[in-house]
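Trainee: Could you walk me through this structure, one feature at a time?
Mentor: Gladly, let us look together.

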Amino acid sequence: MNRSPWTQARRAARMNPSIIREILKVTEKPGVLSMAGGLPSADTFPVEAIQAACDRVLSHQSKEALQYAASEGYAPLREWVAQRVGALGLKATPDQVLITSGSQQGLDLVGKLLCDAGAPVAVETPTYLGALQAFTPYEPLFASLASDDQGPLPSAIEALPHDAPGTRFSYLLPNYQNPTGRVMSQARREAVMEASRRAGVPVVEDNPYGDLWFDQPPPQSLSALWPEGSLYLGSFSKVLTPGFRLGYIVAPSEIYPKLLQAKQAADLHTPGFNQRVVHEVIKDGFLDTHVPRIRALYKANRDAMADALRQHLPQGCDWQSPEGGMFFWIRLPEGLDAMALLPRAVDAGVAYVPGAAFYAHQPDPRTLRLSFVTLTPALIREGVEKLGRVLHEALAMAEAPTP
């Protein structure tokens, strides 16, 4: 055999495919009701508003929109973001806002800037697997924060390693977390940020789901409690459309220049046309009427899934009904393995994401994530019924006496 001329960097060995993307390929077979992907409902995409905005941008700003643009992002959009996060209690100027190609790019830029080989990075238990995927190539040493139904425990943050190289940051999702759907109370936020301040461990706050609350909005931003020690990541994907790939970072002035340099090296700038179209859509308060429609749709789906879970899942399954967001987090009875059961579920016509992928360490094989936003209530009930049959059959087989 000919020896390959390519020598890959060490970090390439740490790059892994997204398990969700791989599962989505499996679920494309006809007849499978997928509750796997964390995709927003396409029924919420404001097609007419976007089409009209595209026409206005091309009619009045075509030369600027189709040209190279500033790496920081479109200035009016940055101003809009600064005002938006101000409503969450985070006082920021447009000069602290960096527009990114989705919040996923924001995670990669954070990893590039703050992670070193062997330096600890703290994450919730469990946490967003896309963050693990983004940080891993930079070779951090993940520290799993002990967590409960309100998120990480302050005592776990206080116990983080302080000796050189020191814990670089904690990555936290306070609002309707992916994958668990949990939300931090105001008291927990204050305790977590006070513990972070005392430990000298900055916080990377990821908030893609904060606008998707059902009965009452979540408490103030974590970053508002320690602005100089926090990075805030936001996204337009869940409230407008993911196809434009628009997100943003709000960063302290101390580290903003280096984030900007990392952005320039990655792609020069986020597409200017997309930024101008999105700003044209949202500049006059469009989201104030659009997002409540999303909430109403998702809340009805949440209720349908909660009812179906109570009706069809076997005893011993554990879950909490989320107060917002897109996900249910299920823990199966002892003896069941969500990854091992996935092929049976797909054969039965339903798909989910096994929870093991969301753990930096010691994955819980009994966990799985269900998304409730892309199917109708009727299809949700049908999918959960199919899942329930698979679980009942698996329990019966596990409990059957060995011949």
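Trainee: At roughly what angle do the axes of helix H5 and helix H9 cross?
Mentor: This is a predicted model, in which local features need pLDDT of at least 70 and side-chain atom pairs count only at pLDDT 80 or more, while totals for chains, interfaces and linings use all residues. Residues are numbered from 1 along each chain as its sequence is written, and side-chain values use heavy atoms, with hydrogens and water left out. Helices (H or I, at least four residues) and strands (E, at least two) are DSSP runs numbered from the N terminus, and axes are lines fitted to C-alpha atoms, for helices over the stretch in contact, with angles from 0 to 180 degrees between N-to-C directions. The axes of H5 (residues 102-114) and H9 (residues 256-267) come within 10 Å, and they cross at roughly 115°.

Trainee: How many residues of the contact of H5 with H9 are nonpolar?
Mentor: Contact means heavy atoms within 4.5 Å. H5 contributes Gln105, Leu109, Val110, Lys112 and Leu113, while H9 brings Lys258, Leu259, Ala262, Lys263, Ala266 and Asp267. With Ala, Val, Leu, Ile, Met, Phe, Trp, Tyr, Cys and Pro taken as nonpolar, Asp, Glu, Lys and Arg as charged, and the others, Gly among them, as polar, the contact has 4 charged residues, 1 polar, and the nonpolar ones number 6.

Trainee: In which order do the 7 strands of the open sheet stand?
Mentor: Two strands pair if DSSP finds at least two bridges between them. Strands S2 (97-100) and S4 (141-145) stand at the edges with a single partner strand each, so one side of each has no neighbour in the sheet. The pairing is mixed, and the order is S2-S10-S9-S8-S7-S3-S4.

Trainee: Which residue of S10 is the bridge partner of Thr100?
Mentor: S2 and S10 (residues 247-250) pair in the antiparallel sense over 4 bridges. In S10, the bridge partner of Thr100 is Gly247.

Trainee: At about what angle does H5 run to S9?
Mentor: H5 lies across several strands of the model, namely S2, S7, S8 (203-206), S9 (230-235) and S10. Its direction relative to S9 is about 155°.

Trainee: How many residues apart in sequence are the parts that Arg56 and Glu280 tie together?
Mentor: The side chains of Arg56 and Glu280 meet in a salt bridge at 2.8 Å, N to O; the term means a side-chain nitrogen of Lys or Arg within 4 Å of a carboxyl oxygen of Asp or Glu. Arg56 lies in helix H2 (residues 47-60) and Glu280 in helix H10 (residues 272-282), so the distance in sequence is 224 residues.

Trainee: Is Glu280 buried or exposed?
Mentor: Buried means under 20% relative accessible area, exposed over 50%, and partly exposed in between (1.4 Å probe, protein chains only). Arg56 is partly exposed at 34%. Glu280 has 12% relative accessibility, so it counts as buried.

Trainee: How many of the 11 residues of H10 are buried?
Mentor: Among the buried residues are Val277, Val278, His279 and Ile282. What covers them includes H2, helix H3 (62-65), helix H4 (75-86), S2 and helix H11 (286-312). H10 is largely enclosed by the rest of the structure, because the buried residues number 10.

Trainee: How many salt bridges does a search of the whole structure find?
Mentor: One of them joins Arg168 to Asp116, with the closest N and O atoms 3.0 Å apart. Another pairs Arg302 with Asp303 at 2.7 Å. For the whole structure, the search finds 19.
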